[in-house]
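This report is meant for a reader who has not seen the structure before. Please look over the sequence and the model first.

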Amino acid sequence: RDLYARMYPPGLDEQEAEHPLGDYQTFNALFTRGVKREHRPIPSSGADLLSPCDGTIQDVGRVESGQLVTVKGIAYSIESLLAGLDARPYEGGRFAIVFLSPIDCHRVFCPGDGQIDEAVHVPGARLLVHPPFQKPEYPVYTLNERVILSISTRSGSCAVVLVAGWGVGNITLPLAPGF
């Protein structure tokens, strides 16, 4: 635990985890651990979208002319990110890029009340996604393996794109259709 905290400060917050850290038998179980409800309260209004995961907000913006541009100046077409899913419902919509570090819980939730309509697996590389390694010549979000979830909500269509990074062994979706 101390070595992990030195490698990835400030380390894991054991108070948030569903179980004591020693109970997780594999690294994957630790990464995808649950978080106690009281540590991630959900507003009662239900009108807002929530972050689908723990992590650091790397960028937010609006999809314009089929493109989203990150703070690092890397342009991605929404079509390339969605790998064949209809990108039209997302034009003019908002996006957020959330970076999950090794200390973050890697369990992903639906950002609003909704239903998963489609889940698409896109094979690819596992290049480093850590912000300093993101470069225009290596658009990691479209080169790396990813899973795209198309979700219907009361507010409209929503997509969650899970991008695998270096060291990520797999993306599993126990509740998604076809997985």
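## Basis of the report

This is a predicted model, in which local features need pLDDT of at least 70 and side-chain atom pairs count only at pLDDT 80 or more, while totals for chains, interfaces and linings use all residues. Residues are numbered from 1 along each chain as its sequence is written, and side-chain values use heavy atoms, with hydrogens and water left out.

## Overall make-up

The protein has four helices and seven strands. Helices (H or I, at least four residues) and strands (E, at least two) are DSSP runs, numbered from the N terminus. Their order from the N terminus on is α-α-β-β-β-α-β-β-α-β-β.

Of the 179 residues in the protein, 34% are buried; buried means under 20% relative accessible area, exposed over 50%, and partly exposed in between, with a 1.4 Å probe and protein chains only. The accessible surface comes to about 11000 Å², and 55% of this belongs to carbon and sulfur atoms. Accessible areas come from the Shrake-Rupley method with a 1.4 Å probe; for residues, only the protein chains shown count as cover. Among contacts (heavy atoms within 4.5 Å) between residues at least 6 apart in sequence, 64% join residues at least 24 apart.

## Nonpolar cores

In soluble globular proteins, nonpolar side chains tend to be buried together. A nonpolar core is here a set of buried Ala, Val, Leu, Ile, Met, Phe, Trp, Tyr and Cys residues joined through side-chain atoms within 4.5 Å. The largest one has 19 residues, and those with the most contacts inside it are Leu 68, Tyr 76, Ile 78, Leu 82 and Tyr 141. At least two residues of this core come from each of helix 3 (78–82), strand 4 (94–99), strand 5 (114–122) and helix 4. A second, separate core has eight residues, including Ala 119, Leu 149, Ile 151 and Val 160.

Leu 68 touches, among residues beyond four places away in sequence, Ile 74, Ala 75, Tyr 76, Ile 78, Leu 81, Phe 95 and Ile 97.

## The aromatic pair

The structure holds one aromatic pair. Tyr 76 and Tyr 141 form this pair, which is tilted, with 5.2 Å centre to centre and 35° between the planes. Tyr 76 lies in strand 3 (residues 75–77) and Tyr 141 in helix 4 (residues 140–143), so the pair ties together parts that are 65 residues apart in sequence. Rings of Phe, Tyr and Trp (its six-membered ring) pair if their centres lie within 6.5 Å; planes under 30 degrees apart count as stacked, over 60 as edge-to-face and the rest as tilted. Both Tyr 76 and Tyr 141 are buried.

Gln 67 is in strand 2 (residues 67–69) and is partly exposed, with a relative accessible area of 31%. The C-alpha atoms of Gln 67 and Ser 77 are separated by 4.4 Å, although the two residues are ten apart along the chain.

Thr 153 lies in strand 6 (residues 146–153) and is buried, at a relative accessible area of 18%. Its side chain reaches the backbone nitrogen of Ser 155 at 3.1 Å and the backbone oxygen of Gly 156 at 2.7 Å.

## Cysteines

The structure holds zero disulfides, a disulfide being a pair of cysteine sulfur atoms within 2.5 Å. The sulfur of Cys 53 is 8.8 Å from the closest cysteine sulfur, in Cys 105, which is too far for a bond. Cys 53 is buried, with a relative accessible area of 14%. Cys 158 is also buried, with a relative accessible area of 12%.

Technical notes. A polar contact is a pair of N or O atoms within 3.5 Å; within protein, one must be able to donate a hydrogen and the other to accept it, and residues adjacent in sequence count only if both atoms are side-chain atoms.
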